[in-house]
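Reader: I am new to this structure and would like to learn how to read its features. Could you take me through them?

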Amino acid sequence: LSRLRRVARAEKSGVLLASHIEPMLLTKPKLRESTKTLYRHSIRRFCTWGEANECLKTSQVTEEKLLDFKTFLVTSLEASTANKVQRTVHTFLRYLCARKLLPECSRDDLGYALKANDEVKRAKPLVNPKRILEAFGSEDQLAQDFVRTLLLTGMRFSECLNLESRHCQE
């Protein structure tokens, strides 16, 4: 179905998840505007995912759908961003659960399905570090040491350039 038809069907047969974003934010008056914007963005990401996955309204939220959403986040976003979105969506769904708006999901289901990821998603290195070291083998010792420090510590280029002897332990 087209996006508009799915939304129209959900509006007729239940309460749209997106209609609860602003009421939830009104219950949190101490949040800064920038934080509210981040909340809106994360919850809308969940609602957009829900459009494509038959999870547009409150009665369609199930533990299985939440596990699917978590899988989607972990596989499509950086680990820190995925955890941030997960925490925000968890807060939003706890708000709905407290108001008895999630008939198919208990508070325990939310906790299990959306608990934070313990493992960090690791990207494959773009190049082999041994090849980089070999490429700098003909360079002077200072360049070799610089590259070796970057590779072995994970420092950013600018951090390494700003190192001073007082930062290093003897």
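Reader: Is Arg40 buried or exposed?

Author: A residue is called buried under 20% relative accessible area, exposed over 50%, and partly exposed in between, using a 1.4 Å probe and protein chains only. Arg40 has 16% relative accessibility and therefore counts as buried. This is a predicted model, in which local features need pLDDT of at least 70, side-chain atom pairs count only at pLDDT 80 or more, and totals for chains, interfaces and linings use all residues. Residues are numbered from 1 along each chain as its sequence is written, and side-chain values use heavy atoms, with hydrogens and water left out.

Reader: Which residue forms a salt bridge with Arg40, its closest N and O atoms being 2.7 Å apart?

Author: Side chains of opposite charge can pair when their charged atoms come close. A salt bridge here is a side-chain nitrogen of Lys or Arg within 4 Å of a carboxyl oxygen of Asp or Glu. The partner at 2.7 Å is Glu22. This pair links distant parts of the chain, since Glu22 belongs to helix α2 (residues 21-26) and Arg40 to helix α3 (residues 33-52), 18 residues apart; helices are DSSP runs of H or I with at least four residues, numbered from the N terminus. Glu22, at 36% relative accessibility, counts as partly exposed. Glu33 also forms a salt bridge with Arg40, with the closest N and O atoms 3.5 Å apart.

Reader: How many salt bridges does this rule give?

Author: The count comes to 3. Among them is the pair of Arg156 and Glu159, whose side chains meet at 3.2 Å, N to O. Salt bridges that share partners join Glu22, Glu33 and Arg40 into one network.

Notes:
Helices (H or I, at least four residues) and strands (E, at least two) are DSSP runs, numbered from the N terminus.
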